[in-house]
Structures are given as structure tokens and as C-alpha cells.
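Me: I have not looked at this structure before. Please take me through a pocket and some helix packing, one question at a time.

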Amino acid sequence: MLPLRIVETEREDFDEPVVEIWRDSEFVGMVFWDGAASIAQVYPDADGDALDLDLGYLLQVLELAERIVTPEDLYEDDDQVGPLGEPQSATWEGEDPATLALVEEFDPQVTHRAEEGEGFFSKEVAAAFIDRCAELGLAVVEMEGLDFVRGEIRQRLGLQMTTRVEKALPWEIFSGAANTRAGEMLQGWSGDNLVVSFVVQEAGGDTFVA
């Protein structure tokens, strides 16, 4: 069976994100928050027939989609990744080889690095950064778009992404979905002064600010 993928969207009639579920180019359904609970709608195929879906994989995708659409204050803080600028690990010594490979490749491509160590990348480099995370088995779990103007970083409203850490999901599924979500959201961000910062999670659970 073809693998499922999720696409996070913003819709006028919904306060929280709406997650679309696709199988290749075929729309499977969507998950949304109705104010009291997360709701899943599954549609028939283009011919009106029932869709045959791998149950185990569908349940995992639905669980991740539920995490995305459910308001953050309904989850415990222990399941959240720390805010940007507060990595769980402050040094590279003894780090995962995938992390070292990512840092070595992208540190020279940074547009600006704050005194605290946080890096900010152009949109083009950010897209390559997300792709490289996918190749290395890392996951982009936080991403923020800002403006870099005359040597200063300026906040920009509405350009933030956080993917809640889902420990119950197999790492390959969680990381794949997290990176896909980051890449799709980045495509919609624009601006001549745009720079992007990241928090990345390793397969072992540790996170770091790129």
C-alpha cells in the first residue's frame, strides 16, 4: 500500500491547524479540533469506493495528527521541546554522529549567529537543512521565521512551528512527518529579510539548537 502523508493547513473556520491526510495524490481525509475533541473525517476514493488503509500505520498517522490539532495547553509540558535558545545539550562533545555531520555542513552557511549560539539561515539554506535532517535521521521539531535587518534579528508574528514529541511513534514515522511538516510550512514563508532558526531532535531524544 502507498504510504500516507500529512499536510498541516490553516483554515478560516478553524482556530487550530487542520491536518490533511494524503496517499500519494489521493485525498484520504482530515483531522481537526472542534472545540472539545479532535475529529477525524475519512472520505471514499475518487470512484466512491471504500479506501483500504494499513490500520497500524493509519493509527500512527492519526495520533500524530491529533497532537498537531489539539491546543498545546491540553498537553503536559514534559512532552514539549524546550523553547528556541534553550537546547538540552550545550556542547558538541560526544554528540550523535548525525548531529556532528549536520553542524559541520551547515555551520559555514549560517547567515547570522547570536551570541548565545543560535543560528539563523536563509530560506534556501533552511530548505536544504530540513532535507539533510531527513537524510541523517534527525527531526526538525521547532522552526521559527524572523527578519534579519541591518545586523539585527527581529521577531515576526505567525512564523513559528512546533511539532510535539510523540514518544509512542516509531522514530522513522515521527521524524519523517516532522520534517515533511517543516518543509511544507517553510514553502509558505517569504520576505527579503527572512531567516530561519531550528531546534532539532536526535533519534535518542536529545534536542539542540542549530
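Me: Which residues lie nearest the centre of the second largest pocket?
Reply: This is a predicted model. The second largest pocket has a volume of about 220 Å³. Its lining consists of 14 residues, and those nearest the centre are Glu 8, Pro 17, Glu 72, Gln 160 and Arg 181.

Me: Which element supplies the largest share of the lining of the second largest pocket?
Reply: Strand 9 (160–162) and helix 4 (171–187) each give at least two residues to this lining. The largest share is three residues, and the element that supplies it is strand 9.

Me: How many charged residues does the lining of the second largest pocket have?
Reply: The lining is made up of 14 residues. Sorted by class, five are nonpolar and three are polar, while the number of charged residues is six.

Me: What is the relative direction of helix 2 and helix 3, roughly parallel or roughly antiparallel?
Reply: Helix 2 (residues 97–106) packs against helix 3 (residues 123–136) with the axes 10 Å apart and an angle of about 160 degrees. Angles over 145 degrees count as roughly antiparallel. The angle therefore makes helix 2, relative to helix 3, roughly antiparallel.

Me: How many charged residues are in the contact of helix 2 with helix 3?
Reply: Helix 2 passes helix 3 in a right-handed crossing. Helix 2 brings Ala 98, Ala 101, Leu 102, Glu 105 and Phe 106 to the contact, and helix 3 brings Val 125, Ala 128, Phe 129, Arg 132, Cys 133 and Leu 136. Nine of the contact residues are nonpolar and none is polar, and the number that are charged is two.

Me: Which hand does the crossing of helix 3 and helix 4 have, left or right?
Reply: The axes of helix 3 and helix 4 come within 9 Å and cross at roughly 165 degrees. The two helices are therefore roughly antiparallel to each other. As helix 3 passes helix 4, the crossing is left-handed.

Me: How many nonpolar residues are in the contact of helix 3 with helix 4?
Reply: From helix 3 the contact takes in Lys 123, Ala 126, Ala 127, Ile 130, Cys 133 and Ala 134. From helix 4 come Asn 179, Ala 182, Gly 183, Leu 186 and Gln 187. Of the contact residues, three are polar and one is charged, and the number of nonpolar ones is seven.

Conventions
Residues numbered from 1 in each chain as written. Predicted model: local features only at pLDDT ≥ 70, side-chain atom pairs only at ≥ 80, totals over all residues. Heavy atoms only, no water. Axes fitted to C-alpha atoms, helices over the stretch in contact; angles between N-to-C directions. Helix = DSSP H or I, 4+ residues; strand = E, 2+ residues; numbered from the N terminus. Parallel < 35°, antiparallel > 145°, perpendicular 65-115°, else oblique. Left-handed = near helix turned anticlockwise from the far one by under 90°. Contact = heavy atoms within 4.5 Å. Nonpolar A, V, L, I, M, F, W, Y, C, P; charged D, E, K, R; others polar. 1 Å grid on protein atoms, 1.4 Å probe; cavity = no way out; pocket = protein on both sides within 12 Å on 5 of 7 lines; lining within 4 Å. Points joined across faces, edges and corners; volume = space filled by probe spheres on them.
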